Amino acid sequence: MPYDPQNPLQDRITDLGPRHYGEFLPPVIKNNKGKWLYHEILEPGVLVHVSETGDEVYTVRVDGCRLMSIEHLREMCEIADKHCDGYLRFTTRNNIEFMVDNKSKVKPLMDDLKSRKFEKGSNKFPIGGTGSGITNIVHTQGWAHCHTPAIDASGVVKAVMDGLYDEFGSMRMPAPVRVSLACCLNMCGAVHCSDIAILGIHRKPPMIDAEWIDKLCE
């Protein structure tokens, strides 16, 4: 209905935010809310959660990245449709988790993930990131969007994670290890609460180009 200044509360919608997260939960998780007894890590990247009802959820965690192409996202959705009834989730560190409700579905899912390669042969969806090992690196926007960074994020994170790749798929560290990168001293990349922090700093005040400063967005 059009806005009526004589009756401003008529047909007023107060909740304009995102849809409730409960609509997107897999049925087995929604049906067992508050009933989970324990979880175990069966192998690097594979977890099982057990409910007091006897239901089980098996999770396969794979490495992701902060900035993804639409083709990569579509491939993830294809995997979720094929094995997980269309459900997947992202962790706060940009890992992707595929969840199934039966142990018999785990191996076909893992085999499918391991079979997907980039053109040069590297894994698109390496499995791991659990327990006493390296999980994915969380980082800030970098030059892709932010207007205050001292360094870019994606290139540094890619180089560091390439060096730590073997640790992602193993659990041989003395404890879980969290690595983060922030592009400047604002530190919005959670570097202040990670085990290893990579922080970009400005060595000198940035130069201002007066000719362009009021003509550009960010």
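View 1. The centres of domain 1 and domain 2 lie 25 Å apart, taken over C-alpha atoms. Domain 1 covers 1-130 and domain 2 covers 131-217; such bounds come from an automatic or database domain assignment. The contact draws 20 residues from domain 1 and 23 residues from domain 2, where contact means heavy atoms within 4.5 Å. This is a predicted model: local features need pLDDT of at least 70, side-chain atom pairs count only at pLDDT 80 or more, and totals for chains, interfaces and linings use all residues. Residues are numbered from 1 along each chain as its sequence is written, and side-chain values use heavy atoms, with hydrogens and water left out.

**View 2. The interface of domain 1 and domain 2.** About 1,500 Å² is buried between the two domains, and carbon and sulfur atoms give 49% of that area. Buried area is the accessible area (1.4 Å probe) that two parts lose on being put together, summed over both. Polar contacts do: 11 residue pairs, both residues at pLDDT 80 or more. A polar contact is a pair of N or O atoms within 3.5 Å; within protein, one must be able to donate a hydrogen and the other to accept it, and residues adjacent in sequence count only if both atoms are side-chain atoms. On the side of domain 1 that touches domain 2, strand S1 (36-43) and strand S3 (56-62) are the elements that give two or more residues. Helices (H or I, at least four residues) and strands (E, at least two) are DSSP runs, numbered from the N terminus.

**View 3. The five-stranded sheet.** Five strands form an open antiparallel sheet in the order S1-S2-S3-S5-S4. S1 and strand S4 (89-90) stand at the edges with a single partner strand each, so one side of each has no neighbour in the sheet. Strands pair if DSSP finds at least two bridges between them. S1 and strand S2 (residues 46-51) run antiparallel, joined by six bridges. Ile41 stands opposite Leu47 in S2.

**View 4. The three-stranded sheet.** Here the pairing is parallel, in an open sheet ordered S6-S7-S8. Strand S6 (138-139) and strand S8 (196-199) are the edge strands, each pairing on one side only. Four bridges link strand S7 (residues 179-182) to S8 in the parallel sense. Val179 has Ile196 in S8 as its bridge partner.

**View 5. The salt bridge of Arg116 and Glu75.** The closest N and O atoms of this pair are 3.0 Å apart. Arg116 lies in the loop between helix H3 (106-115) and S6, and Glu75 in helix H2 (residues 70-83), so the pair ties together parts that are 41 residues apart in sequence. The whole structure holds 12 salt bridges, each a side-chain nitrogen of Lys or Arg within 4 Å of a carboxyl oxygen of Asp or Glu.
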